Amino acid sequence: MVFSSSICCLFLYIFIVVSFISPINSLKIQKQESFNRTFRIEQELQKLKKTIATRLRQINKPAVKTIQIPNGDIIDCVLTHKQLAFDHPLLKGQKPMHHPVNLTEQNQIGNMSDFQLWSLSGESCPEGTIPVRRVTEQDMLRAYSIDSFGRKPSNQYFPHEYAIVRVGNEEFFGAQGTFNVWRPYVERQYEFSLSQMWLASGTYGKDLNSIEAGWHVYPRFYGDDRPRFFIMWTADAYKSTGCYNLGCPGFVQTNQNFLLGAEFSNYSTYKGKQYHITLKILKDKNTGNWLLQYGGNTVGYWPAPLFTHLKYVADEVHFGGEIVNLKTTGSHTYTVMGSGHFAEEGFGKAAYIRNLHVIDSDNNLTPLENPTYEATNKNCYNIQGNTSGNPVWGDYIYFGGPGKSDKCP
């Protein structure tokens, strides 16, 4: 009995000791796990910062001069022959080409510098350089991923809606249009609203080649909700080639007075003054390059070697509006297209693109032949066109809409 009692006492003692030790050990283990998690997170953050820093060094070329403007943009004046375009393997060792200027129409906004907010500071880039909007760490962190920075989001994951006029089944050597500029509301950071023209060739979703230019509001890309001029290109249906503006090797800028991604100093208001820009993209027969012109001034060019199908001609031209709608279930996005008003409201109320032309093999501006008008969601955004050859406006379209509304639930 004494022996049995001693055993019981011993077990009781061990139980009491373990009871005290276990919570202490458990607490130590929890603290260690928490420390390990924090350490791993810190390691990942450091790795991310290092990756971003490396990417920024690749994109942001050394500046001869730097200009900071009140809207927060930092403009680097980069030597023309040292710009990012020439990092492209097909362009390495090349120097910027000089192309003829042959567009004479002027814009209501005025010359090239008048519509760009950055130039109102009185600063400019010196001869032999081009202005480049600096990409920041914050810009990178807003991207879907570091690798996809600057690329257009795929329709597969980000549903796009359109209101466009399209011509096809021909050989096109360029296009031209005059776009009035608005400041549309964009509900979510990862949505955008734009007005542009597209020159395209190839197969959608597979090997589409596209060149695009116009204006857009894109909070994810710029960190604000202000209208900006932009360009875009792809050689593989937006999968891995091309980007906006000068965010990747490709487009070669040659004009020192023009900023891609520039915020507009003025934009149209409902029933108020209308501001517009005239843009032209055309094939240079001597080099095969696609030139971008604004109001009689060549901004730069997309080199022909960037493309497969567009190395030769475009077989489709589109003009109109586009938005991204991330509300794939339930109600529609409130993001508006154009002015936020439907096409039938007309001048001063709806967005327009006028003096629509395509360019033939002889570099002639010609009207749109057999155009097709398309709106993916007519209750939310629509389009109306006129190809009767108005003596002042030529061929034109009105387009846009409010997004979510009684008609667009």
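Two strands count as paired if DSSP finds at least two bridges between them. Strands (E, at least two residues) and helices (H or I, at least four) are DSSP runs, numbered from the N terminus. By these rules strand β4 (residues 160–172) and strand β13 (residues 314–324) run antiparallel and are joined by 10 bridges. One of the residues involved is alanine 163, whose bridge partner in β13 is glycine 321.

The model is predicted, so local features need pLDDT of at least 70 and side-chain atom pairs count only at pLDDT 80 or more, while totals for chains, interfaces and linings use all residues. Residues are numbered from 1 along each chain as its sequence is written, and side-chain values use heavy atoms, with hydrogens and water left out.

The strands β4 and β13 belong to an open sheet of 6 strands, in the order β8-β7-β6-β13-β4-β16, with antiparallel pairing. At its edges are β8 (228–234) and β16 (372–375), each of which pairs on one side only. On average, neighbouring strands of this sheet are turned by 15° against each other, direction ignored. The axes behind this angle are lines fitted to C-alpha atoms (for helices over the stretch in contact), and angles run from 0 to 180 degrees between N-to-C directions.

Next come the contacts between charged side chains. A salt bridge is a side-chain nitrogen of Lys or Arg within 4 Å of a carboxyl oxygen of Asp or Glu. The count by this rule is 15 salt bridges. In one of them, aspartate 87 meets lysine 61 at 2.6 Å, N to O. Aspartate 87 is in the loop between β2 (74–79) and β3 (129–133), and lysine 61 is in the loop between α1 (2–59) and β1 (65–68), so this pair ties together parts that are 26 residues apart in sequence. To describe how far a residue is covered, buried means under 20% relative accessible area, exposed means over 50%, and partly exposed lies in between (1.4 Å probe, protein chains only). Aspartate 87 has a relative accessible area of 30% and is therefore partly exposed, whereas lysine 61, with 18%, is buried.

Another salt bridge joins the side chains of glutamate 123 and lysine 65 at 2.9 Å, N to O. Glutamate 123 also lies in the loop between β2 and β3, while lysine 65 is in strand β1, so the parts tied together are 58 residues apart in sequence. Glutamate 123 is partly exposed at 36% relative accessibility, and lysine 65 is partly exposed at 27%.

A further pair is aspartate 73 and arginine 228, with 2.8 Å from N to O. Aspartate 73 sits in the loop between β1 and β2, and arginine 228 in strand β8, so the pair ties together parts that are 155 residues apart in sequence. Both of these residues are buried. They also belong to a network of salt bridges that links Asp73, Arg133, Asp139, Arg142, Asp224, Arg226, Arg228 and Glu263.

The backbone has some points to check as well. Most residues other than glycine have a negative phi. Asparagine 355 has a positive phi of about 50°; it is found in strand β14 (residues 351–359) and is buried, with a relative accessible area of 10%. Asparagine 363 also has a positive phi, near 65°. Asparagine 363 is in the loop between β14 and β15 (365–366) and is partly exposed at 34% relative accessibility.

On a 1 Å grid over the protein atoms alone, a cavity is a set of points where a 1.4 Å probe fits but cannot get out, and lining residues have an atom within 4 Å of a point. Grid points are joined across faces, edges and corners, and a volume is the space filled by probe spheres set on the points. The whole structure has 2 cavities of 30 Å³ or more.

The largest cavity has a volume of about 160 Å³. It is lined by 14 residues, of which Arg133, Val135, Asn245, Leu246 and Gly247 are the closest to its centre. The elements that give two or more residues to this lining are β3 and α3 (219–222).

The second largest cavity holds about 120 Å³ of space. Among its 14 lining residues, Ile59, Lys61, Leu84, Val132 and Leu246 lie nearest its centre. Here β2 and β3 are the elements that give two or more residues to the lining.

Definitions and conventions. On a 1 Å grid over the protein atoms alone, a cavity is a set of points where a 1.4 Å probe fits but cannot get out, and a pocket is an open set with protein on both sides within 12 Å along at least five of seven lines; lining residues have an atom within 4 Å of a point.
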